[in-house]
Amino acid sequence: MMELSVTRRQLEFIRSTAMETLFGGAAGGGKSYAQLIDALIYALTYPASRQLILRRTLPELKRSLIQVSLTLYPQEVGSYGETSHLWTFRNKSTIEFGYCDSENDVTRYQSAEYDVIRFDELTHFTKFQFTYMLSRIRGTNAYPKQVKSSTNPGGVGHSWVKARYIDVLIPGEENDGKLFLPAKVQDNTFLMQKDPGYVRRLEMLDERSRKALLYGQWDLFEGQYFCEFSPELHVCPPPEFPSWWKRYLAIDYGLDMLAALWIALSPDGTAWVYREVYQSGLIISEAAEAICRAETGDEVIFQRLAPPDLFNRRQETGRSAVDIFAEAGLFFDKAMGERIPGWYAVKEYLRPFTDEQGILTAKLKISPVCKNLIRTLPMLAADEKNPNDTANHPHELTHAPDALRYFAATIQPQGQAWKPGQYDGDMDAFLSYQR
């Protein structure tokens, strides 16, 4: 049998006994290679064991993992079935290569049992796909039952992977059955020796891709839609608003989530998001109650904005969602609902610029209390088929940004900022300003 060489970090991954192990970070860290070596060792150690290695699509499997396994795995210990995408070893162990092209493709595995499931590029999978496949790790033998994953930052699953591993684990320390092992390209000494120019090529990428793929940073990732967002620039405590500033309420509503944002517009055109309600499982009348509870008795909402679909009348009742909101004293105007122009308007609000005092700022400011907008806005990824739009999955990430989009699309940001002090205290001049 051929001799196999691994790096120190790859060896840590192979030796991990945690229920869940994530080997993630920079490109070129040797993560996929470690998966294949680990799978082979497990297959030969535990007779009749069953493993599944997953990528999102079959073409990705064929040009990466399957191709490498054919050159890496010795033919004398097993054989590969081209049609079944299955390695079968002499001790009756198997390594199956699978994929989940669409959200519900995981159901094809509903009757399967595996000792180990391996996700290659975990951030390409949704949280539903991941948690569903966890239920397929089972069996009556005494073999270790594990899920082992490898990934780079970015992709449709970036936010839930970051929340599950990166945000809560100390690298290299197992906690609650989970272990995160950061990957750096410099850890892969074999790649550094054979292709010393690889790092230089990564350094030539744009800033966002470079931080994700070269340094393995999770705050900026490939495919991120709102790369303009910066907590240092856009998140800050709001000032005390004069009573005559225009205040808006923008909502995104469904039974799965009510996302409501209160926004005050300053004389210089800055939109201050100062309050949010983010709650699931509310019928319309309950959503109306939640909104009314959030508002203080002395504030005046200049305009309430709701998406166009809430104005559709139900055939069986003849009433729309906004009709039910109106019964609670909440009267909504129809927001501009086109997605791409709306996202562009949000980008305009987020765009950093230098004001007349030479200070870097932006037309959108978010109060620290709006935790869900702060959490979800930077996590939105671009749609793979239309990079001008955002991805709809994970759907949980879309609600608060959609509410912000309805505001931004309807109350367009000004191309030219008002001069500081021009309208300070001048209520009539400000309210006459037509957006």
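Two strands are taken to pair if DSSP finds at least two bridges between them. Helices (H or I, at least four residues) and strands (E, at least two) are DSSP runs, numbered from the N terminus. The model is predicted, so that local features need pLDDT of at least 70 and side-chain atom pairs count only at pLDDT 80 or more, while totals for chains, interfaces and linings use all residues. Residues are numbered from 1 along each chain as its sequence is written, and side-chain values use heavy atoms, with hydrogens and water left out.

The protein holds 15 helices and 16 strands. Of its 435 residues, 53% count as buried, where buried means under 20% relative accessible area, exposed over 50% and partly exposed in between (1.4 Å probe, protein chains only). Contact is defined as heavy atoms within 4.5 Å. Among the contacts with a separation of 6 or more, 69% are accounted for by residues 24 or more positions apart.

Strand β6 (residues 116-120) is largely enclosed by the rest of the structure, because five of its five residues are buried. Both of its faces are covered: Val116, Arg118 and Asp120 are buried on one side, and Ile117 and Phe119 on the other. Strand β2 (residues 50-55) pairs with β6 in the parallel sense over four bridges, and Leu52 stands opposite Ile117 in β6. The pairing of β6 with strand β7 (residues 146-151) is likewise parallel and runs over five bridges, with Lys148 in β7 as the bridge partner of Arg118. From β6 the chain crosses through helix α4 (residues 127-134) to β7 in a right-handed β-α-β crossover. A crossover is right-handed if, with the strands pointing away from the viewer, the path from the first strand over the helix to the second runs clockwise.

Strands β9 and β12 pair in the parallel sense over three bridges, and the bridge partner of Leu249 in β12 is Arg304. Strand β13 (residues 333-334) also pairs with β12 in the parallel sense, over two bridges, and Ala306 stands opposite Lys334 in β13. The chain passes from β12 through helix α11 (residues 321-327) to β13, and this β-α-β crossover is right-handed.

Leu255 lies in the loop between β9 (246-254) and β10 (257-265). At 54% relative accessibility, Leu255 counts as exposed. Leaving aside neighbours within four places in sequence, Leu255 is in contact with Ser280, Gly281, Leu282 and Ile283. The C-alpha atoms of Leu255 and Leu282 are separated by 5.7 Å, although the two residues are 27 residues apart along the chain.

Helix packing is illustrated by helix α2 (residues 31-45) and helix α3 (residues 58-72), which pack at an angle of about 55 degrees with their axes 11 Å apart. Axes are lines fitted to C-alpha atoms, for helices over the stretch in contact, and angles run from 0 to 180 degrees between N-to-C directions. The angle makes α2 oblique to α3, since angles under 35 degrees count as roughly parallel, over 145 as roughly antiparallel, 65 to 115 as roughly perpendicular and the rest as oblique. The crossing of α2 and α3 is right-handed; a crossing is left-handed if the near helix is turned anticlockwise from the far one by less than a right angle, and right-handed if clockwise. Ser32, Tyr33, Leu36 and Ile37 of α2 make the contact with Leu65, Val68, Ser69 and Leu72 of α3.
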